[in-house]
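Here is a short briefing on a structure. Look it over first, then read the points below.

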Amino acid sequence: MPDSRKSKLTTKSINLYYGSVHALGDVTVEIPECSITAIIGPSGCGKSSFLRLFNRMNDLIPIARVEGEAFLDDSPIYGKDAEDVASLRKKIGMVFQKPNVFPASIYENIVIGPKSHGTENKAVLNEITERCLTKVALWSEVKDSLRKPAQELSSGQQQRLCIARALAVDPEVILMDESCSALDPESTAKIEELMLELAKQYTIIIVTHNMEQAARVSDMSAFMMIDEEKIGRLVEFSPTTEMFLNPKDKRTEDYIEGRFG
Amino acid sequence: MKRRIKPQTAEKIAKGAIWTIALMVIGILIAIIVYILYKGLPVINWSFLTEAPRRMGKEGGISSSIIITLSVTALAVLIAMPFGIGTAFYLAEYTRDNIITRIIRFSAESLAGIPSIVYGLFGYIFFLEILGLGWSVLSGGLTLAIMILPTIIRTSEEAILAVSKTYREVSFSLGGTKWQTIRKAVFPSAVRGITNGIILSVGRSVAETAAVILTVGSDLKMRTMAIHFYQLVMEGISMENAYGTAAILIILIFFINVVANMLIDRFIAKGR
Ligand SMILES: Nc1ncnc2c1ncn2[C@@H]1O[C@H](COP(=O)(O)OP(=O)(O)OP(=O)(O)O)[C@@H](O)[C@H]1O
Ligand SMILES: [Mg+2]
């Protein structure tokens, strides 16, 4: 059972406001270590906002305000005892919806993270590049063209490069916000395969609108929805098989049925 | 029923009109450049470039004017660049919209539209009269620096804001600090736009007359090429040498453009 595992990320009645918009209300979860958790729910229910709480990307939005507690292992993510945000983000990597490689070479894309954390040694950087590209099954395809502009890769390859770029700073958690939604089925299948492989070592949280994908890859599922007051709520959090076969909440059942149609 | 033009016909008309306008504009520009080079190039030779002007510019070359032009422009750009780019990054990256940023933006926008003679007058009063710097390259460089500052701020800020939000987000998500994000993710993508603003400013400084005549002066051995040219024509001293000077001005600006772009490609945009 996934829930017997140690929990990697925890939130305790966390609330998020964008100005007067109450985007997330009292969300409490425990995300187990080395597993894949899928966040599902209708558009605008706060999935991305929730994901971005963990690596404090909401800090970049001036009007965003967080109340409540969140933890990585046992250390608080928010509040006066929190570590500095750069070291937090080093531990919690993120892959975005669009394959957003930097307009630089493949190699530069991988080493930008390690370099910003002070790794200058060429041999070390080369080793990181090979290791991370191998992990995302891209090494054999690009090892002879590391100096080529990353934008010349196909979008599936670019997204795998983005995953490698996130892995290069040696994170413990990877957040993926609809990271397959801009890709063709074949590239999606490759990335899903990759997620399953990476989950042996990393804690992964994905946001997806694709129920089949959630069913295929995730151990745990979180269903979110906005309530009558337009506040984003976590409706149900349970092992994926349980949620899909036997949802506890009527709203979860309706949503999943509607999506599988 | 109203008769409508077929979309294919409209497409042809639009295409034709746009091409005609573009060709006309390019044609006029090329005609001006060709005419000036045609008149000016025969005057240019080694001694024209290396000798000082004599007899009010009727004889001799324009070496002193070339040197003054280059020094005034270099000084102006070297002073305005750090302040301009710094202000642009401050406005675009470090502050939210507040009263200070609004004042800076409003001033920059207003200052960009003021005629250059006003800068000249200000430079004359402030640098010559109050600070007592005299007619000099320093007074001129400082005045031109103030004149081009708004342009550099505005073009740089636009270039910085045009860098997509996603690059910033990626850099932060990798644990980059604000400074690292600016240096590694924003600057490389904004550098071309920033440089374009600077090249524009260089062009304006090289060609400036009003602001320069009031601060550097129009003494025969102490004037920029633009002023030299102006004096040669206005006083009816030598049309030939005026065209020669104009031709060198054009070549100089062209040269600065090419070199600046080459330097970016070579050093900053490398691998980008
Ligand atoms: N930067 C922001 N400023 C203000 N409000 C925001 C901002 N980002 C999100 N919101 C609001 O927060 C709520 C949740 O948005 P969020 O993007 O988290 O939803 P989502 O579930 O990821 O949606 P989608 O499935 O469409 O990606 C929405 O009401 C949205 O309008
Ligand atoms: Mg979203």
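The notes below cover the model, the ligand shell and the chain contacts.

This is a predicted model: local features need pLDDT of at least 70, side-chain atom pairs count only at pLDDT 80 or more, and totals for chains, interfaces and linings use all residues. Residues are numbered from 1 along each chain as its sequence is written, while chains are lettered from A and ligands numbered from 1 in the order in which they are written.

**Confidence**
- The model scores ipTM 0.90 and pTM 0.80.

**Shell around ligand 1**
- Residues around ligand 1 (C-beta atom, placed from the backbone, within 6 Å of it) include Tyr18(A), Lys47(A), Ile61(A) and Gly232(A).
- Strand S2 (21-32) and helix H1 (47-54) of chain A each supply at least two shell residues; helices (H or I, at least four residues) and strands (E, at least two) are DSSP runs, numbered from the N terminus.
- H1(A) gives the most, with three residues.
- By class, the shell has five nonpolar, six polar and one charged residues. Ala, Val, Leu, Ile, Met, Phe, Trp, Tyr, Cys and Pro count as nonpolar, Asp, Glu, Lys and Arg as charged, and the others, Gly among them, as polar.

**Where chain B touches chain A**
- 17 residues of chain B are in contact (C-beta atoms, placed from the backbone, within 7 Å) with 22 residues of chain A.
- On the chain B side, helix H7 (165-173) and helix H8 (178-207) each supply at least two residues.
- H7(B) provides the largest share of that side, six residues.
- The chain B side divides into five nonpolar, eight polar and four charged residues.

Terms used: Contact = placed C-beta atoms within 7 Å.
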